[in-house]
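Please look over the structure shown here.

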Amino acid sequence: MKLRLTNATVRHPAARAGAPAALRGLDLAVAQGEQVAVIGPSGTGKTTLLHLLACAQRPAAGRLQLDDTDPWALPLGALQRLRGRLFLAPQVPPLPPRQRVVTAVLAGRLPHESLWASVRSLVHPTSIALAEHALARFDVADKLFDRVDRLSGGERQRVALARALASQASLLLVDEPLSALDPARAQQALASLTQAARERGATLIATLHHVDMALRHFPRVIGLRGGALAFDLPSAQVTPALLHQLYAQHLEELAPTAPPAPDAPVAAAPVPMQCR
Ligand SMILES: Nc1ncnc2c1ncn2[C@@H]1O[C@H](COP(=O)(O)OP(=O)(O)OP(=O)(O)O)[C@@H](O)[C@H]1O
Ligand SMILES: [Mg+2]
């Protein structure tokens with residue numbers, strides 16, 4: 001799925017009066033199959049951007065187009081069908097506690113299945129091999145029949161990623177997928193996620209606090225600051241100076257690092273980079 005934002009502004013309905021818009025005047029075009037990482041300090045609008053793209057949040061001004069269609073101009077039924085083609089994996093995985101892992105993973109497919117198939121699969125999971133395959137990509141296939149509430153935080157996060165892959169969606173929106181993972185698992189999870197999205201031709205947009213991993217695994221990186229676009233560049237062109245500007249006054253979100261040489265390429269002076 002391809003997408004375009006034109007001068008998009010988002011205000012949260014519950015925001016206090018006079019609060020600045022969470023996203024302001026955003027212009028963005030992402031082609032079918034592209035992989036984009038979104039970085040920036042906490043509270044800068046990354047999650048809001050994913051919600052906007054997932055049609056969970058309506059723009060207050062400007063326009064969203066998914067495959068050249070304005071979702072908010074569609075009748076409700078067509079909007080729901082469109083939502084079925086995208087998958088938002090939230091920052092905190094919404095996995096029902098007593099559910100088995102296999103059921104949780106296959107629930108990601110529900111929008112693509114008939115009502116009868118959905119009900120049947122919740123009672124007696126079919127497509128078990130598919131769930132197992134998705135879990136194996138994140139090294140948690142052995143948890144197939146475990147209960148979700150008996151998993152560690154990192155295992156839950158990897159199950160949530162497997163669920164995103166099992167969904168067959170053509171737009172994957174993944175919010176902070178690495179927060180509960182150790183560095184080795186985080187590397188592996190991102191490599192699996194990007195590879196699986198590539199194999200399927202799905203468009204992938206992920207918010208990441210791990211700046212080094214964003215640069216390593218994604219060909220294109222967007223920096224958000226104060227709800228506006230700070231930069232939108234191929235990852236090879238994201239310099240330490242740009243990162244320091246992006247995180248200015250939030251440098252605690254970057255690991256301690258030497259001051260950047262102006263415009264030095266990241267490869268020459270690897271900065272950041274574990275945020276939080
Ligand atoms: N439901 C909400 N109601 C009101 N304001 C909100 C709501 N959700 C977020 N905001 C505000 O919108 C702004 C952007 O929030 P958002 O969650 O998009 O930031 P973020 O970049 O994802 O932050 P983090 O890195 O901490 O996850 C913040 O100022 C936040 O306080
Ligand atoms: Mg967020």
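The sections below take the structure part by part.

## Overall make-up

This is a predicted model. The protein has nine helices and nine strands. Of its 276 residues, 41% count as buried. Among contacts between residues at least 6 apart in sequence, 68% join residues at least 24 apart.

## The three-stranded sheet

Strands E2, E1 and E4 form an open sheet in the order E2-E1-E4, and the pairing is antiparallel. At its edges are E2 (23-30) and E4 (61-66), each of which pairs on one side only. From one strand to the next, the twist averages 15°.

Five bridges connect E1 (residues 3-10) with E2 in the antiparallel sense. Within this pairing, Leu5 stands opposite Leu28 in E2.

## The six-stranded sheet

A second open sheet has six strands in the order E5-E6-E7-E3-E8-E9, and its pairing is mixed. E5 and E9 (228-234) stand at the edges with a single partner strand each, so one side of each has no neighbour in the sheet. Neighbouring strands are turned by 15° against each other on average, direction ignored.

Several of the pairings can be described in detail. E5 (residues 86-89) and E6 run parallel and are joined by four bridges, with Leu171 in E6 as the bridge partner of Leu86. E6 also pairs in the parallel sense with E7 (residues 203-207), over five bridges. There, Leu171 stands opposite Thr203 in E7. To get from E6 to E7 the chain passes through helix H7 (residues 183-200), and this β-α-β crossover is right-handed. Further along the sheet, E3 (residues 35-39) and E8 (residues 220-225) pair in the parallel sense over four bridges; Val38 has Ile222 in E8 as its bridge partner.

How many of the five residues of strand E6 (residues 171-175) are buried? Five of the five are, so the strand is largely enclosed by the rest of the structure. In a regular strand, side chains alternate between the two faces of the sheet. In E6, Leu171, Leu173 and Asp175 point one way, while Leu172 and Val174 point the other way, and all are buried.

Helix H6 (residues 153-166) lies across E5 and E6, at about 175° to E5.

## Helix H1

Helix H1 (residues 46-53) lies across strands of both sheets. In the three-stranded sheet it lies across E1, E2 and E4, running at about 125° to E1. In the six-stranded sheet it lies across E3, E5, E6, E7 and E8, running at about 155° to E7.

H1 is mostly covered, with seven of its eight residues buried. The buried residues are Lys46, Thr48, Leu49, Leu50, His51, Leu52 and Leu53. After H1 comes Cys55, which has a positive phi near 60°.

## The ligand site

Which residues are around ligand 1? They are His12, Ala14, Ala15 and Ala22, together with Gly40, Ser42, Gly43, Thr44, Gly45, Lys46, Thr47 and Thr48. By class, this shell has three nonpolar, eight polar and one charged residues.

The site and helix H1 share residues. Lys46 and Thr48 are among the residues around ligand 1, and both are buried in H1.

Note on methods: Residues numbered from 1 in each chain as written. Chains lettered and ligands numbered in written order. Predicted model: local features only at pLDDT ≥ 70, side-chain atom pairs only at ≥ 80, totals over all residues. Near = placed C-beta within 6 Å. Nonpolar A, V, L, I, M, F, W, Y, C, P; charged D, E, K, R; others polar. Pairing = 2+ DSSP bridges. Helix = DSSP H or I, 4+ residues; strand = E, 2+ residues; numbered from the N terminus. Axes fitted to C-alpha atoms, helices over the stretch in contact; angles between N-to-C directions. Contact = placed C-beta atoms within 7 Å. Buried ≥ 20, exposed ≤ 12 C-beta atoms within 10 Å, placed from the backbone. Right-handed = clockwise from strand over helix to strand, strands pointing away.
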